[in-house]
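Trainee: Could you show me how to read a protein model, one feature at a time?

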Amino acid sequence: MTSRVPRLVVAAPSSGSGKTTVATGLMAAFAGRGLAVSPHKVGPDYIDPGYHTLATGRPGRNLDAYLCGAELVAPLFLHGASGCDIAVVEGVMGLYDGAAGEGELASTAQVAKLLGAPVVLVVDASAQSRSVAALVHGFVSWDPGVRVGGVILNKVGSDRHEALLREALESAGVPVLGVLRRAAPVEVPSRHLGLVPVAERAAEAVDAVAAMAALVSAGCDLDALLALARAAGPLPGGSAPWTPEPSPALPHARLRSRGGTPIPTRPTERPTPRVAVAGGSAFTFSYAEHTELLAAAGAEVVPFDPLRDEELPEGTAGLVIGGGFPEVYAAELSGNETLRKSVAELAARGAPVAAECAGLLYLCRELDGLPMCGVLDATARMGERLTLGYRDAVAVCDSALAAAGTRLRGHEFHRTVVEPGAGPAAAWGMRAPERRLEGFVQQGVHASYLHTHWASQPGVARRFVERCRTS
C-alpha cells in the first residue's frame, strides 16, 4: 500500500478543549460523505477509540511512542489506514505534552512529526477574544517541525464573539477552519477514569456521535479540512505497514500445494487452541492488535461477556481478560457464580491466563467485599487516589507471557487497590518511575495492573498461544 495517506492530527493547547468532540465529529462527518475513515488516538487511552469505532465502523487504534517505540508509530498507522481514504488522529492532552520527564516522547507533536501530518488546533475560545492570536502564535512557532494547518474555535458564544476571534487570528496567519458553538447533546458523561465507554451507553453513544457529526458538519469547512489532509506527503522514512504475522524466518506456517498453487497454512500437527477474550460492558479496554496477534500466532479467538455468559466458551485453552470497569459491575460479576467457578477451574488446571488491571481485580478473592473468581490470594477495593502513568518494567520470572528478564513498557490507570500488591512470584519489577514489585505469576496465570501493547513485543502473543497448545 502507498504511504501517501491523507491524514490530519486533531490537537489542542490543553485537555478539555474539545479534541474528542472535534475528532469524533470529523470522523463521522467524513464517513457520512462516503469516505473510508481510519480512526487513531495518540496515547494509551482505550475509551476514545470506542467512540471513533462507532463513528467510522473501523477499529479505533492507538499510536503510542512510549508503549511501542517511535519506530512503530508509522507502521501501526499504515496498518490501520490500509484501504482508507483519510485518517484522523486524535491527540492527547496538550499538543506538546508527553511522558513526564521524557521531553516530547509520546506527545501529540511527536506523533504528528513521525507521521508528517498537518495539525488542526482546537482552541477553547469561551473566555478570550484577541488573546487567542497570542495563544495560537505560540503553539505554531514553538516547534518548527510541527505544521499547524488551521484552527477550529470551540465554545464560541455569539456571532460578535466569532468576529472578534477571526479578526485577531488574521494576524497569526493561521486559517480558521471551523467555529463551534457550545452544544449540550455532544457532551459525553464522565466518571472516575474519564468518559463512559461506548459499550455501556449503547443508543446514547450513537446519538452523541451523530450530534458530534452534525455539529462539526455545520461549523467546519469539511472541504478545506479534506484538502489539508490530502496535501500531506508520503510518510517520513518510507515506512511499511506493521503486520501481526510472524517473520517468514520463524517456523509459524508451512506451504502446501493445491492445484499447483502454494497456499500458506498452519502445520496440521499443530492444534489450533481456543483463546477466550473477555468483553462486554465490564471489560472494554483492549488494543485491536492483541487479538490480531493471537490469531496470527495460530489461535482461534472467541469473545465472551462475563456479565452474560455463564460458562467459558467450550474448549477454552487460554483466557485473556483485559481492562475495564469491574468495580462498576462488581455485583453482577459476583452474581455470575458459574462463570467465576469456570474461570477458577481453568486456572487450577494450569491453563494460560493473561489478566490486565480489571482482569487482575476479577481474579482476586473479592472486590469491594463481593466474591470474585478466587484465583489469586488477594483482595481488591476502590481507593481514594488515582494511579496514572507510564511504567518501565521487566519480567521477574518466567510466565505464560514472557521469559524472565523481558523488558516491556506499559501504563497504569486505576483508582483501585489490590492487597497484597504482588504475589510470591511477581509479574513485573517496575524500573521507573519507582522501583517495586507488582502483580502475580502462579501456574499459567499472569495478572497485573500494567497495561501493555503487544505490538512492541510480538513474542508475547506467540508465547501465550504456544503455552495454550501445550498446557
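Mentor: Gladly! Let's start with overall size. The radius of gyration is taken over C-alpha atoms, and the globule rule is 2.2 Å times the number of residues to the power 0.38. For 471 residues a compact globule would come near 23 Å, and the protein has 23 Å, so the two agree. Remember that this is a predicted model: local features need pLDDT of at least 70, side-chain atom pairs count only at pLDDT 80 or more, and totals for chains, interfaces and linings use all residues. Residues are numbered from 1 along each chain as its sequence is written, and side-chain values use heavy atoms, leaving out hydrogens and water.

Trainee: What share of the residues is buried?

Mentor: Buried means under 20% relative accessible area, exposed over 50%, and partly exposed in between (1.4 Å probe, protein chains only). Here, buried residues make up 56% of the 471.

Trainee: How many aromatic pairs are there?

Mentor: Rings of Phe, Tyr and Trp (its six-membered ring) pair if their centres lie within 6.5 Å; planes under 30 degrees apart are stacked, over 60 edge-to-face, and the rest tilted. This structure holds seven such pairs. In one of them, phenylalanine 283 and tyrosine 362 have ring centres 5.6 Å apart and planes at 65°, so the pair is edge-to-face.

Trainee: Are those two residues buried or exposed?

Mentor: Phenylalanine 283 has 4% relative accessibility, so it counts as buried; tyrosine 362, at 1%, is buried too. Another edge-to-face pair joins phenylalanine 285 and phenylalanine 325, with 5.4 Å centre to centre and 80° between the planes.

Trainee: Which residues form one aromatic cluster?

Mentor: Tyr46, Phe285, Tyr287 and Phe325.
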